[in-house]
Amino acid sequence: MRYIDFRSDTVTKPTPEMRKAMYEAEVGDDVLGDDPTVRRLESLASEIFKKEAALFFPSGSMANAAAVKVHTNEGDEIIVEERSHIYLMEMGHLSFISRVIPRPIPSSRGNLDIEFMEKTIRKVRRYYIPKTSLVCLENTHNYWGGSIVDIKNLKEVYDLAKNYGLKVHIDGARIFNASVATGIPVYEYAKYADSVMFSLSKGLCAPVGSMLVGDKDFIDEARRIRKLLGGGMRQVGVLAAAGIVALTKMVDRLKEDHQKAKMLAGGLKNIGYDIDPDDFPTNIIILKVKDAALFVEKLKENGILALPISPNEVRFVTHNDISFEDIERCLNVCDSLIASL
Ligand code: TLP
């Protein structure tokens, strides 16, 4: 049976153009700084984000981990959103690698509560009180259903952070989804951050890779940390070549993924599921059901894969390898299941 795979946009296969670019890629030893294709990808990323420098990572988690490590000292406190990926889903690298204390704060679908943030920042500086040194945002926000952090909120967070001397890092694994949905260029979002991580391997369909952008000193230090974490790669131009296609050819089509998500959310609502399509502006839908594990099992029996993310929430992610017909098929299955669940 061919499964329609809504588990994540990470399941996307590289496009034929990517495979050709990978085959033809000029390569060299990247640890020695010799890979021309990696250099090209990194300068492309820094141009697009209008940051001084960029660095290619094997994963988003490693890029986030390196960013936190560079921005902080052991024992610092950092402010994170309470449902953020960096806090909940990255194996605790905040404490395992950077040895910082995460202070989770609430948000309105990823938009930080500025008053709460201000209260959370440690103002008293004594040797026995941890120092707040970093705030992390996520845009789009995965576990708020691909929600978008408003540029106004971002600016408020950034201004407040700067008042207190904090760094700002954006986990922008899906920042191109935010940009395509709002029409705001990614460099505008990046203006309000010292560093941004974004993924090539999600909706942009590259097989592997995420980028970190920031100023030159920050990236020099991140390169050192990447090596320390075992992320120094050799003839990695074969992967960077796919990343170049991702950045130059795959961004605009993300709007199709958003249309597919709209069609799915609207269809689920029409069938009678408890869902507000306006909550899902990009390519991620989170559906509340009575029993997520059972629901996912029934979907699978009918050729549909989705991810249970809590006992009563199921996540559907739309992407390049799912067609509009696949959405229709999924809706038919959900229609047939609603009475029995
Ligand atoms: N997210 C994956 C899973 O880990 C849940 C997914 O399927 O959505 N930041 C955000 C916002 C992410 O969604 C992810 C991956 C990462 C960071 C980590 O990227 P990778 O998987 O490349 O380490």
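Which residue does K191 form a salt bridge with? I opened my notebook with that one, and I kept in mind that this is a predicted model.

**Entry 1: a pair in a helix**

I found that K191 forms its salt bridge with E188, and the closest N and O atoms are 3.1 Å apart. I then looked up where the two sit: both lie in helix α9, which covers residues 186–191. They are three residues apart, about one turn of the helix. I noted the general idea beside it: side chains of opposite charge can pair when their charged atoms come close. Next I checked the accessibility. K191 is partly exposed, with a relative accessible area of 47%. E188 also counts as partly exposed, at 23% relative accessibility, because the buried class is kept for values under 20%.

**Entry 2: a pair in another helix**

I moved on to K216, which forms a salt bridge with D220. Here the closest N and O atoms are 2.9 Å apart. The two residues are four apart in helix α10 (residues 216–228), so about one helical turn separates them. K216 counts as partly exposed at 46% relative accessibility, and D220 is partly exposed too, with 36%. I also wrote down a network: D30, R39, E42 and R226 are joined by salt bridges that share partners.

**Entry 3: a pair between strands**

How many salt bridges does a search of the whole structure find? I got 20. One that I followed up joins the side chains of E77 and R103, at 3.1 Å from N to O. Are E77 and R103 buried or partly exposed? E77 is buried, with a relative accessible area of 4%, whereas R103 counts as partly exposed at 29%.

**Entry 4: strand β9**

I wanted to know why β9 counts as largely enclosed by the rest of the structure. Five of the five residues in this strand (195–199) are buried, so that settles it. I checked each face as well: S195, M197 and S199 are buried on one side, and V196 and F198 are buried on the other. Then I looked at the neighbours. Strand β8 (residues 167–171) pairs with β9 in the parallel sense over three bridges, and H169 stands opposite S195. Strand β10 (residues 210–214) pairs with β9 in the antiparallel sense over five bridges. On that side, M197 stands opposite L212.

**Entry 5: around the ligand**

Which residues are closest to the ligand? I listed S8, G60, S61, D171 and R174, out of 17 residues that surround the ligand. I then looked up some polar atoms. A polar side-chain atom of S8 lies 2.6 Å from a ligand oxygen. For N142, a polar side-chain atom is 2.8 Å from an oxygen atom of the ligand. R174 has a side-chain N or O atom 2.8 Å from a ligand oxygen. On its own the ligand has 510 Å² of accessible area, and the protein covers 84% of that.

**Entry 6: a surface patch**

I placed M89 in the loop between α4 (85–88) and α5 (93–96). M89 is partly exposed, at 42% relative accessible area.

Note on methods:
Residues numbered from 1 in each chain as written. Predicted model: local features only at pLDDT ≥ 70, side-chain atom pairs only at ≥ 80, totals over all residues. Heavy atoms only, no water. Buried < 20%, exposed > 50% of the residue type's maximum accessible area, 1.4 Å probe, protein only. Near = heavy atom within 4 Å. Polar contact = N/O pair within 3.5 Å; in protein donor to acceptor, adjacent residues only side chain to side chain. Areas by Shrake-Rupley, 256 points an atom, 1.4 Å probe, with all protein chains shown as cover. Pairing = 2+ DSSP bridges. Salt bridge = Lys/Arg side-chain N within 4 Å of Asp/Glu carboxyl O.
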